[in-house]
Amino acid sequence: MNPHFDIVVVGAGPAGLNAAHAAALAGATVALLDDNPRAGGQIWRQGPGGSPQAPLHTLLAALHAHGNVTLFASTRVIAPLGSRGLLLESADRGGVCITYNSLILATGARERLLPFAGWTLPGVTGAGALQALIKGGIPVRGERIVIAGSGPLLIAALATARAAGAQVVAMVEQASMANVARFSASLLAEPAKLWQAASMTRGLAGLRYWTGSVVREAHGEGRVERVTIRRGQQDVTLACDRIACGYGLVPNITLAQALGCAINEAGEIVVDGEQRTSIDGVLAAGECTGVGGAELAVVEGRIAGLAASQASGSRAALLRQRARWRRFGQRVASAFALQDAARAIPADATLLCRCEDVSIGEVRAYSNWREAKLHTRCGMGACQGRICGAAANLYFGWQAAVPRPPFSPAPIGVLMMASDAEPPSE
């Protein structure tokens, strides 16, 4: 018999944890899934031997106090089953088929990586990936790091790298100085955010902070040793040991697309006032519905958990908070929208698909993602087009095809469970 839950929450970041907590308080049986071994998502990621941050610690303690919450750690969704089931692969449980009454997607967002010459050299990562590596225990003490790209994620990467003892050589922001200044001034309306930014950057003291600039090329023999940065019409080369370059976030909508949920032009899951998607019984919360930060994800998660569990009571205060943080998210998106220099298509020799070694020039000859994929294998590697697909969308306007299960490589025994699973009852 497949385990059945009132509510399944996919993703244990701020949105998912708060959704699970709200649903559990209403008495629902809840399964909380995450592909990481520890809950928290990227924002509250726990490192080996580290203590959870205060909000995460409080939520985990509350969830553990409820006997109606089951946490599936190190668990990936392999495929949807029927209209109300999921095939999972868990490090602890192996293959598992579960069914549900309601599903809450809190799948977060992925970092947008844009190719440049030399971006496949060891030592080049995304800005968010640098955070994850450091929190996972990779030593960077004494290393010279250039952090580049766009948006508040660069500030978070800066703070994490400095705390780990790295020497941040420069922070390279593609947005213009005027846009950054306007955004900084807008933080006066959110004093807590202003204080957070000031404490994380230390006021940018002793740091090269270059706006209107982008990484052009990484150089090195065997691993990165130098980086060339385009500042206006001038190129500047800096010595470094690592480059962390990320151009914001894109919502992670793989499961939502496979389920048939409506997706808007910005690539976000479309939800109504109670975080319900276009598919009956499926809700979504957090950055998969639009990138807006932890505060927005927390509020949306609570609303989704209450709606899925049909909890009574007023949502007025939560709705006001959601509107407030959505406005903040819109200010971030406007200030750090990608400018022409960041959108410029790299030279033809630059690799677009790192998994299959496919260059920009090879895919340029085709008119859409499907044709490029069929002729060049672009997007058919380990990441299944998650990285190169986002870049191709930006450069060529190509829309990636709806993903087909399995969403991740899985043992044949796990895949066979899908055909053996009984279709869930309505």
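In this predicted model, five strands make up an open sheet in the order β8-β15-β9-β10-β11. Their pairing is parallel. β8, residues 124-125, and β11, residues 208-210, are the edge strands. Each of these two pairs on one side only.

Within this sheet, β9 spans residues 144-150 and β10 spans residues 167-173. The two strands run parallel and are joined by six bridges. Along this pairing, A170 of β10 stands opposite V146.

Helix α3, formed by residues 127-135, lies across β8, β9 and β15. β15 itself covers residues 242-247. The helix runs at about 125 degrees to β15.

A further open sheet is built from three strands, ordered β12-β13-β14. Here the pairing is antiparallel. The edges are taken by β12, residues 213-219, and β14, residues 234-239. Both edge strands pair on one side only. On average, neighbouring strands of this sheet are turned by 25 degrees against each other, direction ignored.

The pairing of β12 with β13 can be followed at the residue level. β13 comprises residues 226-231. Six bridges connect β13 to β12 in the antiparallel sense. Among the residues involved, V215 has I229 of β13 as its bridge partner.

Conventions. Residues are numbered from 1 along each chain as its sequence is written. This is a predicted model: local features need pLDDT of at least 70, side-chain atom pairs count only at pLDDT 80 or more; totals for chains, interfaces and linings use all residues. Side-chain values use heavy atoms; hydrogens and water are left out. Two strands pair if DSSP finds at least two bridges between them. Helices (H or I, at least four residues) and strands (E, at least two) are DSSP runs, numbered from the N terminus. Axes are lines fitted to C-alpha atoms, for helices over the stretch in contact, and angles run from 0 to 180 degrees between N-to-C directions. Contact means heavy atoms within 4.5 Å.
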